[in-house]
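Visitor: Please take me through this model, one residue at a time.

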Amino acid sequence: MRVATLARLILSGCLVSPAQTGPEPRTFFHEKLGLSDAQIDRIARGQAIVKMLPSRTPAEIFVFGAVFVNANPDEYIKFAFDMVRLRRLPGYLGVGRFSDPPVLSDLAGFTLEPGDIRDLKNCKPGSCTVQLPSAAMREIQTALDWSRPGAAAQVNARVRNMALDILQRYQNEGNRVLGIYRDSRRPFDVDAELRSLLGRAEALPVYLPELNHYLLAYPNAIVANLESLFYWERVDFGLKPTLRLNHGMSYRTVGPHGTAHVVAMKQLYASHYFQLALDLTVCVSGSSRAGQPGFYLITLKGSTQEGLTGFLGSVRRKIVVSKTLSAQEKALLGIKQTLEEKR
C-alpha cells in the first residue's frame, strides 16, 4: 500500500450514497484498508476499529479509525469544536479559542513547563528540547536576563507573543510563515513538508479539491460551505506536556455520490514531538447492521514526529503507536456514546 494513497483511504470510499455497509463502504474497508469481514461487521455494529497505515519513513505515523454512530452528522460538527468539552478530556491541561481578530489575552494558560523553561536557557540551533523557529530561539536566548527571579514569567510572555505572531502572520500570509524548526540536527521546514504530504495524498484534490486548495492556499482561498476557527491546546500525551496552535475547519460537500461532512485540523505550531500534524474526519450518512439510521465516522490522523528514527527511536515509536491506537479507539467510542446519548 503506497503512502500516495493515504487520503484515498479516507475519501475514495466515503463519498458514497447513503446506504448500508455494502457494497461501497464494505469494498472500501476491505480492499483499501485490508479489513476482514469480521472487522467490517464490527464497525457496522457500532464497534470502533483502528489501524496503523504504512508510512514513507518511521517519523511519519498515520492512523485510520472508523465507527458507526446512531446520530446526525451535524451533531458531530458541533461536538468537534466544543472547547468546553475539550477542557474536560483526560490529558487536556488547557485549551482556548482565539477571538476574531486574535488578541494576546486569548493565550492565557499557554505556558511552558518549568523544565522546558530551564532547558531554554542553554538552547542553541540543532540542540534544544523545545521546538522553536530559529528567530524565536535567538530572541529568548539573547533578550532575557536569566539571573533574575522573573525569568520564567518573561519566557512565557515571549512564548505567548511568539504564538500570537505566528497566528497573525499565518492569517495574513499562509503556510509560508510557519517557519523552520531548528531544535535538532535536521531542520524541519513546516510549509515544505506539508506540501509534500498533501502532494502524496493524491485523492484529496480529486475528491475534495476545494479543501485541498484551501489547505495549501489559505488565506488566498475562498471556499463555500467551509468555516474556520483557531484554537490552542496544552496537552499531556503521556510523555511531556505539549503546546499546540491549530487551524480547525468544518466543510460540507455535496457531490454525485451524496453529502460528506468533513472536519480538518492543521497544526500550526507544537512545542514538542509533532513537527507536522493533519487530521481528517469524514461523516457519511448510512445505516448500521441493525438498520439504524446514522453515519459512519471515519478518521485519518497523519503526523510527522521527532525522535522516532534510529534504534532508540524505533523503541519509542512502538510506544507512541500503541498509545495512539489505544487513544483513538477510546476517542471514537467516546464520541459515539456522547452523541447517541444526546440524541
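**Two residues and their surroundings**

Guide: F79 is in contact (heavy atoms within 4.5 Å) with R85, I335, T338 and L339, leaving aside its neighbours within four places in sequence. The model is predicted, with local features requiring pLDDT of at least 70, side-chain atom pairs pLDDT 80 or more, and totals for chains, interfaces and linings using all residues. Residues are numbered from 1 along each chain as its sequence is written, and side-chain values use heavy atoms, without hydrogens or water.

Visitor: How far apart are F79 and T338, then?

Guide: Their C-alpha atoms are separated by 9.0 Å, although F79 and T338 are 259 residues apart along the chain.

Visitor: And which helix holds F79?

Guide: F79 belongs to helix α4, residues 73-80; helices are DSSP runs of H or I with at least four residues, strands are E runs of at least two, and both are numbered from the N terminus.

Visitor: Why does F79 count as buried?

Guide: Because its relative accessibility is 7%; buried means under 20%, exposed over 50% and partly exposed in between, with a 1.4 Å probe and protein chains only.

Visitor: Changing topic: where does Q267 lie?

Guide: Q267 is part of strand β8, and it is buried, with a relative accessible area of 2%.

Visitor: Which side chain does the Q267 side chain join in a polar contact?

Guide: That of R244, at 3.0 Å.

Visitor: What else is Q267 in contact with?

Guide: Leaving aside neighbours within four places in sequence, the contacts of Q267 include Y181, L245, N246, Q275, L276 and A277.

Definitions and conventions: Polar contact = N/O pair within 3.5 Å; in protein donor to acceptor, adjacent residues only side chain to side chain.
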